[in-house]
Amino acid sequence: MSEASHDYDVLIIGSGPGGYVAAIRAAQLGLKTACVESRETLGGTCLNVGCIPSKALLHGSELFEEAHDGTLAKFGVRTGKVTIDVSTLQGEKASAVKELTGGIEFLFKKNKVDWLKGRATFVDSHTVEVAGKTHTARDIVIATGSSVTPLPGVEVDNAKGVIVDSTGALELDRVPEHLVVIGGGVIGLELGSVWRRLGAKVTVVEFLDQLLPGMDGDVRKEAAKIFKKQGMELRLATKVTKASQRGKTATLTLEPAAGGKAETLKADCVLVAIGRRPNTEDLGLEKIGLELNKRGQIETDHAFRTKIDGIWAVGDVVPGPMLAHKAEDEGLAVAENIAGSTGIVNHAVIPGVVYTMPEIAGVGLTEDAAKEAGHTVKCGKFPMMANSRAKTNREGDGFVKVIADAATDRVLGVWMIASVAGTMIAQAAQAMEFGASSEDIALTCHAHPTHSEALKEAAMAVTGKPIHI
Ligand code: FAD
Ligand code: NAD
């Protein structure tokens, strides 16, 4: 049904969670759709070198740790000597990635989305060139995602496996003896946890005085305690100024973030995880007159329209948290908008999860952000140690914190550390999407015994009346 003057109604650049979801929904809506992807497989960062492979390693290493650290034995499960076979673990990870990326290829065929293989560059605002051929479209969506932010003075070489980025840290064929993670954010803590559980000594060097910027202050403090208890060494308020490599050893120069005496630290593996930046290089944006903001991102309106007619953008390349589910929701919405329907994403309610053990999750405003926004807040907190299921499972670390507006009781944010926080946070997000008060959550019947009862109790604590503490 494309207009005769164009090859496609919609052409999407990038097949990550933003791009592939936009492509499938556009095709479902009857639009003739193509998706350009330069990787060998579909699915973007998320399926190839992000969410999925990291979760495979997190799961495998969690099983190893349970068997190795006596958790299984505590429940009478006798395992004998437990060892880790890194190549089998990596093989299982590779299978999951293959199945899931293949699944997107299947969905493209099923929905008649054309996969144009190669890198896309703009020729004009309705034409892109891919592998020497031009393709035209009425609407074009930029969903090119993001890549690792480099750290000056620290050169990553994933092939050598000594100074690596997240992609290299997902591919290690050995358990490092000493892994230094530069950046105490989501990637550093998830992948640091993987290799610590498998036997590495892990040192996390973080520029700020707390881990996990952007999360609620109580969560950040408690997370640091938990990671220390698990054996991670945390070097907060510290920066890495340089790295050199000799053979299989890297030597890092560290300084206090505020400046001061330098020291050196040796490691057989260094993971650089200081953030990601949008992929806009070599897209030929100058050909269509599309400018970037100061952070190198493409700005859009609420409908994901850029300033250039017919050009839209979603996912990591636009402002907002760099999360797969945010990209997916934007992908859905942009397709609806292009098709003339209405696609909306509520950016105030995007949950975030760190898949460590315990998991760390949050949605909405932090306590500080709520106060800065002018709210007088009431907070309710409930420790997982007082939740019967968590206590029984010996998963007592963490708490749930509900932040509500003192005048209206409307829930402004929910933050938690709990073994299954990633699952529990969905309820908080849905409650907030429905404009819930803390009383609404407190009056909702929660199955017993579940970890989710801690959310109900934290909501009850907003008005000062939890039962089990
Ligand atoms: P991407 O997934 O980056 O996809 C963009 C695609 O566009 C890429 O495949 C790229 O090859 C292609 N491309 C770029 N330029 C061109 C071009 N010119 N022509 C053709 N193709 C092009 N998020 C979560 O929500 N949960 C997690 O657990 C999680 N874990 C992560 C773990 C790691 C190690 C990393 C690195 C990230 C993780 N993320 C996670 C973040 C998540 O992967 C991203 O937010 C998400 O992939 C963004 O989706 P996207 O569609 O915007 O871009
Ligand atoms: P991040 O922004 O989460 O953390 C980077 C950390 O590095 C920050 O704490 C920052 O203060 C610190 N830092 C910056 N410069 C530094 C320096 N010179 N020295 C020491 N520390 C420094 O970034 P990330 O961990 O690289 O992850 C990138 C993106 O990928 C994130 O936006 C995240 O949302 C996404 N991601 C999400 C998940 C998930 O949802 N579970 C998992 C992995 C990645």
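The legends below describe close-up views of a predicted model.

Local features are given where pLDDT is at least 70, side-chain atom pairs count only at pLDDT 80 or more, and totals for chains, interfaces and linings use all residues. Residues are numbered from 1 along each chain as its sequence is written, chains are lettered from A and ligands numbered from 1 in the order in which they are written, and side-chain values use heavy atoms, with hydrogens and water left out.

**View 1. The surroundings of ligand 1.** Ligand 1 is surrounded by 38 residues, of which Gly 18, Glu 37, Thr 45, Lys 55 and Ala 324 are the closest; a residue is counted as near if one of its heavy atoms lies within 4 Å of the molecule. Polar contacts here are pairs of N or O atoms within 3.5 Å; within protein, one atom must be able to donate a hydrogen and the other to accept it, and residues adjacent in sequence count only if both atoms are side-chain atoms. A backbone N or O atom of Ala 120 lies 2.9 Å from a nitrogen atom of the ligand, whereas oxygen of ligand 1 is approached by a backbone N or O atom of Met 322 at 3.2 Å and by a polar backbone atom of Leu 323 at 3.2 Å. On its own, ligand 1 has 990 Å² of accessible area, and the protein covers 94% of it (Shrake-Rupley method with a 1.4 Å probe; for residues, only the protein chains shown count as cover).

**View 2. The elements and residue classes around ligand 1.** Two or more residues each are given to this shell by helix H1 (17-28), strand S2 (33-37), helix H2 (44-49), helix H3 (51-68) and helix H10 (324-338), and H2 contributes the largest share, 4 residues. Helices (H or I, at least four residues) and strands (E, at least two) are DSSP runs, numbered from the N terminus. By class, the shell holds 15 nonpolar, 17 polar and 6 charged residues, where Ala, Val, Leu, Ile, Met, Phe, Trp, Tyr, Cys and Pro count as nonpolar, Asp, Glu, Lys and Arg as charged, and the others, Gly among them, as polar.

**View 3. The packing of H3 with H7.** The axes of H3 and helix H7 (residues 186-197) come within 9 Å and cross at roughly 35°; axes are lines fitted to C-alpha atoms, for helices over the stretch in contact, and angles run from 0 to 180 degrees between N-to-C directions. Residues of H3, including Lys 55, Leu 58 and Glu 62, meet residues of H7, among them Glu 190, Leu 191 and Trp 195, with contact meaning heavy atoms within 4.5 Å. The residues of this contact divide into 6 nonpolar, 2 polar and 6 charged.

**View 4. The surroundings of ligand 2.** The shell around ligand 2 has 21 residues, the closest being Ile 187, Glu 190, Glu 206, Gly 275 and Val 353, and H7 gives the most to it, with 3 residues. A polar side-chain atom of Glu 190 lies 2.8 Å from a nitrogen atom of the ligand, while backbone N or O atoms lie 2.9 Å from an oxygen atom of ligand 2 in the case of Ile 187 and 3.2 Å in the case of Val 186. Taken alone, ligand 2 exposes 840 Å², of which the protein buries 79%.

View 5. Met 357 and Pro 358 are joined by a cis peptide bond with omega of about -5°, and Pro 358 is found in the loop between strand S18 (352-354) and strand S19 (359-364).
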